[in-house]
There are 2 protein chains.
Amino acid sequence: MTTFVIAQGGGPTAVINQTLAGAVLEIRKRHKGARVLGARFGVRGIRDGDYVDLSAVPEDELRLVAATPSAALGSTRDKPDAAYCAQVLAGLRKEGADAFIYIGGNDTSGTQEILAEASGGSIAFVHAPKTIDNDLVENDHTPGFISAADFVAGAFLSVDLDFRALPGVYVGIVMGRNAGFLTAASAAWRLDDESGPHLVYVPERAFSVPRFIDDVRATLDRHKRCIVAVSEGVTTADGKPLVESLVSPDRLERDAHGNLKLSGGDLGMAFEQALRDGLPGKRARVDTLGYMPRGNVATISPVDAAEAFQAGSYAVDLAARGGGSVALQFDGEKTVMRRVPLGDVAGKTRHMPDDFLEPKANRLSRKGMAYLERLVPKKFKVGKPFV
Amino acid sequence: MTTFVIAQGGGPTAVINQTLAGAVLEIRKRHKGARVLGARFGVRGIRDGDYVDLSAVPEDELRLVAATPSAALGSTRDKPDAAYCAQVLAGLRKEGADAFIYIGGNDTSGTQEILAEASGGSIAFVHAPKTIDNDLVENDHTPGFISAADFVAGAFLSVDLDFRALPGVYVGIVMGRNAGFLTAASAAWRLDDESGPHLVYVPERAFSVPRFIDDVRATLDRHKRCIVAVSEGVTTADGKPLVESLVSPDRLERDAHGNLKLSGGDLGMAFEQALRDGLPGKRARVDTLGYMPRGNVATISPVDAAEAFQAGSYAVDLAARGGGSVALQFDGEKTVMRRVPLGDVAGKTRHMPDDFLEPKANRLSRKGMAYLERLVPKKFKVGKPFV
């Protein structure tokens, strides 16, 4: 193999450049003299012939970029249709690409599957996983999740301590369209059983505003404060995103994949309104964590970084084997890289298992906590406040 | 001196417990056998006789609490009137207090001044500073600011990298009622002159929505992305908080000090609306950082922690000297602790100097950057993206 094309798609993570560096350095090792082209802004760069030549970038420079959050090649939310795909394939052929490694999530693996089918087998299409949402099937967890989870765990530990000092209700809205893993990570570093988050709402369980108010009231009665973690993608019983029930239709915004824009002020304001109406006069604060956890330089996990790098190396292995998707699986002791067919991952969403929450309460179950304790172990030693 | 009372007031910080521990350990060193009472929830604990006896808490336990964000004794926003003050004084006398050390910001120092005047001099009243807002006069900077600033600097570096990959407009709303220091810290770790935050809006300069939209448009034309840091307390030309112009009066909320609740979904939503109207169709995201920077366990600065501890020790020195306010000043080389009269700090607000911003643009000036470089030096080495 003499020519590789690499790109990054979807929402960036704190360690997505580790995967890029892992792939480039593995290519150098296994395919001496091969050309490595980084496409700018995902498949758009291939379509437009916009590349950065990574073949000769010095290793120390690559390692520095690897330690840098977000997608160094740029990213895209483009969802290629048949015509766009034909342009991308033409672009890959023009460069004489033997393999195309695309680092991304669900939508990105879907793009790779379509391209692989359209190409007729002359090019190896590899998907290397990344997503803070942790929502790829066939994976125990995904590169990018642990770093984002570290942020969320630390943020909620800290906010819980803040609200011990100045009691009230706190709602933190966390990214997570279809899967609640990142929101559940808010509970990973709880100080003790009395600590927040006291309520965790994920997209996998129907959300009801009256039930929410009841839950908050009961928590306040018991703990004097109530810390709530909510996924931006929580849905009402009719299966619609909560934001769709609360926000007027002319303000809703969708991307090329049909994904509704979920976070931001609208949802935050809707929660504030619900708390004002349901618990009048009660101190309540709502934050949209939004982009804070996604690629935060302050909470890059060394484990996450190492796994992301390894996923990049392994992607080069899959290129030599004709393509596929890199999956991070758990063998009962450690994380291992395995090959799965693109079609097994593409377009599918892994949900947080329902038994990660208690059956009748919005709290993490033992099983859910065990998963978090394995992946998001405590990083800071803190003492117990005097109140 | 045989009996000390200590309390914490106002918004917690990441290092406010360092000041508590610094004071307790200094009392043990200088006043062997003295009783140290920690009042729960600020002056309210003194009024209600609600104390935790800190005299015998083991040093290792105190040091662990010191490393824990938020106020371990609890805090309060109560603003004592004459009757409340009389109750607090009675409470202090009942315990035979020789000194009352109150750790807090503007409002807290105001409370100490009132108590000192009412007491007639029989008790030493000491104010030990803390505030992430950095808005205490007589101080070069305040304990709590550097840790919060580290969070904000890292968050905006990270978001700028994110929006390089997926271009658009980002607005991050940062705590800061009257002073723009924390919002300005968003610029501390800028990668280069092209990097965000491209626009910084602070309470010290009048905010205009049309001007804001023009600024954003011009930045997009130049950089394809626009990262904005806004203080929650920005005011319009008539001197009113922006949130007051944008949000209907029945939703505005004030605390006992008359402080308007500034952050949260309402202001975020108002910015989203302004961007939708002013730049229709443009990708724009708004986050309220809210409580994230205030006492975040992940970004506790060792320098901040050490200074906060030292401020606690020094407060004990001031108790022996009859009281006063601890001020962190800069002698041209290093931070030094000095005594200033309570009345010099109480009820006053230190604003960010206007020349920390460029005269005609919402960007940090050289002078502003020099201040940040001294206090908030870069903590992470990152590489330059390929886009």
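This is a predicted model: local features need pLDDT of at least 70, side-chain atom pairs count only at pLDDT 80 or more; totals for chains, interfaces and linings use all residues.
Residues are numbered from 1 along each chain as its sequence is written, chains are lettered from A and ligands numbered from 1 in the order in which they are written, and side-chain values use heavy atoms, with hydrogens and water left out.

**Stop 1: both chains**

Show chains A and B together. The same surface serves both: 100% of the contact residues of chain A (contact means heavy atoms within 4.5 Å) recur in chain B.

**Stop 2: the two domains of chain A**

Colour 3-132 + 297-345 of chain A as domain 1 and 148-294 + 351-375 as domain 2; such bounds come from an automatic or database domain assignment. Their centres, taken over C-alpha atoms, are 32 Å apart. Buried area is the accessible area (1.4 Å probe) that two parts lose on being put together, summed over both. Between these domains it is about 1,100 Å², with 56% from carbon and sulfur atoms. Now select R77(A), I132(A) and T299(A): in domain 1 of chain A they lose the most area to domain 2, together 48% of what that side buries.

**Stop 3: the seven-stranded sheet of chain B**

Helices (H or I, at least four residues) and strands (E, at least two) are DSSP runs, numbered from the N terminus; two strands pair if DSSP finds at least two bridges between them. Look for the open sheet with the order β3-β2-β1-β4-β5-β10-β11 in chain B, where pairing is mixed. Its edge strands are β3 (51-53) and β11 (335-340) of chain B, each pairing on one side only. Next, pick β1 (residues 3-8) and β2 (residues 35-39) of chain B, a parallel pair with four bridges. Which residue in β2(B) is the bridge partner of I6(B)? Click on G38(B) to see that partner.

**Stop 4: the four-stranded sheet of chain B**

Finish with the open sheet β7-β8-β6-β9 of chain B, whose pairing is parallel. In chain B, β7 (199-201) and β9 (284-288) stand at the edges with a single partner strand each, so one side of each lacks a neighbour in the sheet. Strands β6 (residues 169-174) and β8 (residues 226-231) of chain B run parallel, joined by six bridges. Zoom in on I173(B), whose bridge partner in β8(B) is V230(B).
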